[in-house]
Amino acid sequence: MASIDMRERGSSEAKAMNPRRFRILDATSAVAEHPLPMPRIGACQGLALMTTIRLWFGPIAVLLFIAGTLAIGAFTPGYSHVRQTVSELGEVGSPGQFTFSALLCVMAVCLAIFASAVVRSLHRLGCSALPAYFVVAMAISCAGVGLFSYPHPLHNIFGMSETVGLQAP
């Protein structure tokens, strides 16, 4: 049966040893060097990988919004990105009403996934999770704007509440 050599080593011997190797004593007491085994993806490493993947949903939400508003604006006759508000793309009766509402709801889901990763990352760093809560507020506001198309009165309330989400550092 092999065991790891745990003897104290002098500083010169420790410097000479490759730090990526360990010594194994086999049944004949002959010392052989073996490289460290490749780490398996355990529960902690798997969660860290999932957190990294979820952090990509923030930039994805931004790209979706930009591409979506440009595309819906291109298919809306007479729409100008300079002179008109984005809400006019999804107003009641417009050709892009349902597409714009779906875009904002998908964007809200992306922001919620992103916020969950931000909370985990900030807790791991020992920081406050307050910025993540601002992102959640933005996700809720975004979904509200998408569900209540202009000129519904709640559209403006959710639209104004989006400024809270913009406060996330």
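Tutor: Helices (H or I, at least four residues) and strands (E, at least two) are DSSP runs, numbered from the N terminus. This is a predicted model, where local features need pLDDT of at least 70 and side-chain atom pairs count only at pLDDT 80 or more, while totals for chains, interfaces and linings use all residues. Residues are numbered from 1 along each chain as its sequence is written, and side-chain values use heavy atoms, with hydrogens and water left out.

Student: How many helices and strands does the protein have?

Tutor: Let's walk along the chain. From the N terminus on, the order of elements is β-α-β-β-α-α-α-α-α. Counting by type gives 6 helices and 3 strands.

Student: Is Ala61 buried or exposed?

Tutor: Start with its place, which is in helix α3. Buried means under 20% relative accessible area, exposed over 50%, and partly exposed in between (1.4 Å probe, protein chains only). Ala61 has a relative accessible area of 1%, so Ala61 is buried.

Student: Which residues is Ala61 in contact with, leaving aside its neighbours within four places in sequence?

Tutor: Contact means heavy atoms within 4.5 Å. With neighbours within four places left aside, the contacts of Ala61 are Met107, Cys110 and Leu111.

Student: Which helix gives the most to the lining of the largest pocket?

Tutor: A pocket is an open set of points on a 1 Å grid over the protein atoms alone, where a 1.4 Å probe fits, with protein on both sides within 12 Å along at least five of seven lines; lining residues have an atom within 4 Å of a point. In the largest pocket there are 14 lining residues, and Leu111 is among those nearest its centre. Helices α3 (57–75), α4 (97–125) and α5 (130–147) each supply at least two of the lining residues. The one that gives the most, with 4 residues, is α4.

Student: How many charged residues are in the lining of the second largest pocket?

Tutor: Here Phe65, Val86, Ser87, Val145 and Glu162 lie nearest the centre. Ala, Val, Leu, Ile, Met, Phe, Trp, Tyr, Cys and Pro count as nonpolar, Asp, Glu, Lys and Arg as charged, and the others, Gly among them, as polar. The lining divides into 9 nonpolar, 4 polar and, as the number you asked for, charged: 1.
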